[in-house]
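I opened this entry to log what I looked up, one topic at a time. The notes follow the order in which I checked things.

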Amino acid sequence: MIMLLLILAAFATGLFLGLKKRLRFLAKIKIIPIVTLVLLFSMGTEIGQSQEIMDHLGTIGWNAFLIAAFTVAGSFLVTLFFLKIFPSKTGESDD
Amino acid sequence: MIDILIMIGALAIGIGVGNLSGFVVPPQVITVILMILVFLVGVDIGREENILSKIKINMNRILSQTLLTIGGTFLFALVASFFLPFSIKETIGASAGFGWYSLSGIMISQLYSPLLGTVSFLSNVFRELLSILFLPFLAKINQRAAISTAGATAMDVLLGLISKSTSRKNTLIAFGQGVILSLLVPLLISFIFM
C-alpha cells in the first residue's frame with residue numbers, strides 16, 4: 001500500500017512538472033526505455049535468486065503458463081469484443 | 001521486435017545473475033526505480049497539451065477499460081480451470097494478480113496455500129512476459145485491447161512499451177487501468193480467498 005502511494009506520488013509529481021513544461025529535455029534523451037531495462041534486470045535477479053521458484057519452474061510452470069495464456073487471450077478478446085460491439089459506451093467511437 | 005528481445009534479454013540476464021551469484025536488487029531499490037519510471041512517464045504525459053481536461057474526458061474510458069480487463073481475465077481463467085487440476089475459485093484467484101506477481105504470490109501463499117501462491121506468482125510472471133512479447137503486435141489490431149493484456153503492470157513495467165506502441169491518450173488510459181487494478185488486486189484476492 002505504501003509502495004502504491006509512493007508510485008502514485010512519483011507519477012503525480014512527474015505529471016505536475018510535465019504540466020508546468022519543466023524537464024522537457026528528458027523526452028529528447030529517451031530515458032524511459034533505459035529505466036525499463038534496469039527494472040526488468042532487477043526483477044530478474046529477484047526471480048533467479050529464489051531457489052523455490054527456480055525449482056518449481058518445471059513442475060507447476062506449465063499450469064501457470066496455461067492460466068497466463070488464457071487470461072492474456074481473454075482480456076484481449078473480451079476487450080476487443082466490447083469495444084467493437086459497444087463503441088459509444090466504452091468511448092472507443094470518438095477516436 | 002529488437003526492443004522486446006532486449007527487454008527479455010535484460011530480464012534473462014537478471015535471472016542468470018540472481019541465480020548464479022545470489023545477487024538481488026533490493027525491493028526498496030526496485031520501488032525507487034519504479035518511482036523514477038512513473039515519474040518520467042508522468043513528465044512525458046504532462047507535457048501534452050490540455051492533459052487535465054483529457055483525463056476528465058477519458059475517465060469513462062479508463063473505467064470501462066479496467067472493467068473489461070477484469071471481466072476478460074476472470075472469464076478465461078474460468079475456462080482454463082477446466083483444463084487444470086485447480087477449482088474455478090483457485091484458478092480465478094491465481095489470475096487475480098493481473099500481472100502483479102509479487103503481491104498475488106505472497107498473498108495467496110499466506111491466505112490459501114503456498115502451492116497456489118507459487119502458481120499465481122508464475123502465472124503472473126508469464127502474463128507479464130506474454131504481454132511484453134505480444135503487446136506491440138496486438139496493439140496493431142487494437143491498442144486498448146492490447147493494453148488489457150498488461151493488467152496491473154500497465155502502470156509500471158509495461159508502461160514504457162505501451163507508450164511506444166500506442167497513442168499518448170491510450171497510454172494515459174493504460175496508466176489509469178494500472179492504478180485502479182493495483183488498488184483492486186489486494187481487495188479481490190482477499191475477497192476470493194476469504
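**T71(A).** I began with a side-chain contact: a polar atom of the T71(A) side chain lies 3.1 Å from the backbone oxygen of A68(A). T71(A) sits in helix α5 of chain A. Is T71(A) buried or exposed? Its relative accessible area is 2%, and the cut-off for buried is under 20%, so T71(A) counts as buried. Next I listed its neighbours, leaving out residues up to four places away in sequence: T71(A) touches T73(B), A77(B), S95(B) and R127(B).

**Confidence.** This is a predicted model, so I looked up the scores before going further. The ipTM is 0.81 and the pTM is 0.75. Chain A has a mean pLDDT of 83, with 93% of its residues at 70 or more. For chain B the average is 87, and 94% of the residues score at least 70. Where in chain A is confidence lowest, and where is it highest? The lowest mean is 74, in α2(A), and the highest is 95, in α5(A).

**Interface of chain A and chain B.** I then went to the contact between the two chains. It takes 71 residues from chain A and 86 residues from chain B. The two chains bury about 7,100 Å² between them, and 81% of that is on carbon and sulfur atoms. How many salt bridges does the rule find across this interface? It finds zero. For polar contacts the rule gives seven residue pairs, both residues at pLDDT 80 or more. I checked which helices of chain A take part: α1 (2-19), α2 (25-28), α3 (31-49), α4 (51-59) and α5 (61-85) each supply at least two residues of the side that touches chain B. The most comes from α5(A), with 22 residues. By type, the residues on this side of chain A divide into 43 nonpolar, 19 polar and nine charged.

L80(A) counts as buried because its relative accessibility is 16%. With residues up to four places away in sequence not counted, L80(A) touches N142(B) and A145(B). F82(A) lies in helix α5 of chain A as well. At 29% relative accessibility, F82(A) counts as partly exposed.

**Helix α7(B).** The contacts of L80(A) with N142(B) and A145(B) sent me to this part of chain B. Why is helix α7 (residues 143-150) of chain B largely enclosed by the rest of the structure? Seven of its eight residues are buried, so the helix is largely enclosed. I wrote the buried ones down: R144(B), A145(B), A146(B), I147(B), S148(B), T149(B) and A150(B). N142(B) caps the N-terminal end of α7(B), with a side-chain oxygen 3.1 Å from the backbone nitrogen of R144(B). Just after α7(B), G151(B) takes a positive phi of about 55°.

**Helix α5(B).** I looked up the buried residues of helix α5 (residues 101-111) of chain B and found Y101(B), S104(B), G105(B), M107(B) and I108(B). What covers them? The cover includes α3 of chain A, together with α4 (88-95), α6 (114-141) and α9 (168-192) of chain B.

Last, I checked backbone angles in two loops. F98(B), in the loop between α4 and α5 of chain B, has a phi near 50°, a positive value in a residue other than glycine. F98(B) is buried, with a relative accessible area of 0%. K21(A) has a positive phi of about 60°, although it is not a glycine. K21(A) lies in the loop between α1 and α2 of chain A. I logged K21(A) as partly exposed, because its relative accessibility is 29%.

Definitions and conventions: Residues numbered from 1 in each chain as written. Chains lettered and ligands numbered in written order. Heavy atoms only, no water. Contact = heavy atoms within 4.5 Å. Buried area = accessible area lost by both parts, 1.4 Å probe. Salt bridge = Lys/Arg side-chain N within 4 Å of Asp/Glu carboxyl O. Polar contact = N/O pair within 3.5 Å; in protein donor to acceptor, adjacent residues only side chain to side chain. Helix = DSSP H or I, 4+ residues; strand = E, 2+ residues; numbered from the N terminus. Nonpolar A, V, L, I, M, F, W, Y, C, P; charged D, E, K, R; others polar. pLDDT = per-residue confidence, 0-100. Buried < 20%, exposed > 50% of the residue type's maximum accessible area, 1.4 Å probe, protein only.
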